Amino acid sequence: MLKCRRVLGWFLILWLFLISNCKEDMQKAIYLVPAEGVDVQILSELKIQLEKVFGFPCKIEETTEIPLYAFNPKRNQYLSTAILESLKIPKDAIGVLGVTNLDLYVPQLRFVFGEASFSKRVAVISLCRLHEEYYGLKGNRLLFEKRAITEAIHELGHTFGLHHCNNPKCVMYFSNSIVDTDRKGYNFCDECKEKLHGILEGY
Ligand SMILES: [Zn+2]
Ligand SMILES: [Zn+2]
């Protein structure tokens with residue numbers, strides 16, 4: 001009987017050890033993958049905000065190369081879908097966000113601020129049209145940061161399964177222009193917030 005209890009005791013210790021290790025292995029993270037030339041400071045700012053919003057650690061990866069075939073010389077833009085497909089997905093990634101300075105497009109639109117794939121959990125954003133200078137205006141660092149955070153949260157929101165929202169003040173509203181991005185800001189409306197919490201609880 002005593003021997004049996006001892007065996008059970010060891011079994012319990014082993015089980016607890018395995019459980020705690022498993023939990024460590026399963027610690028998921030959001031990955032930020034910068035392309036060449038992306039400002040380090042904006043990456044740190046994004047990391048802080050994404051950790052706050054999604055509640056997962058955010059890791060900044062090494063710089064990645066944008067595939068040459070993504071470039072469309074007729075449009076002088078890069079196909080965002082091709083960039084999405086080129087991004088590697090680490091095993092512990094809950095979401096991967098590529099960040100580039102290049103101007104992005106999808107065939108049916110003039111440009112995109114970003115694109116996301118729910119099934120692959122990857123997204124990409126372009127910082128190109130987030131600078132005031134792009135519109136011939138004087139640079140505004142704070143506004144640029146706010147726009148980058150907005151686009152990053154929007155695209156990652158898609159990777160977590162959120163769709164576009166009809167509320168123009170919600171971060172999940174579709175941005176047709178920089179005016180939309182500025183109007184909506186980076187907060188979720190109550191409905192999207194609730195949906196996101198429900199989704200995140202499942203991880
Ligand atoms: Zn969207
Ligand atoms: Zn919403």
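1. Helices here are DSSP runs of H or I with at least four residues, strands are runs of E with at least two, and both are numbered from the N terminus.

2. A quick note on what you're looking at: this is a predicted model, where local features need pLDDT of at least 70, side-chain atom pairs count only at pLDDT 80 or more, and totals for chains, interfaces and linings use all residues. Residues are numbered from 1 along each chain as its sequence is written.

3. Back to α2 itself, residues 40-54. Its 15 residues reach 21 Å from first C-alpha to last, close to the 21 Å expected at 1.5 Å a residue (that span is 1.5 Å times one less than the number of residues).

4. Which residues of α2 are buried? They are I42, L46, L50, V53 and F54. They sit on the same side of α2, because they cover an arc of only 70° around the axis (the arc is taken over directions from the helix axis to the C-beta atoms). On the other side, V40, Q41, I48 and K52 are exposed. Buried means 20 or more other C-beta atoms within 10 Å of a residue's own, exposed means 12 or fewer, and partly exposed lies in between, with C-beta atoms placed from the backbone.

5. The cover over α2's buried residues includes β1 (29-34), β2 (58-60), α4 (141-159) and α6 (190-201).

6. Now have a look at A116, in strand β7 (residues 114-117). A116 counts as buried because 23 other C-beta atoms lie within 10 Å. Leaving out residues up to four places away in sequence, A116 touches A123, E155, H158 and T159; contact means backbone-placed C-beta atoms within 7 Å.

Key. Chains are lettered from A and ligands numbered from 1 in the order in which they are written. Two residues are in contact if their C-beta atoms, placed from the backbone, lie within 7 Å.
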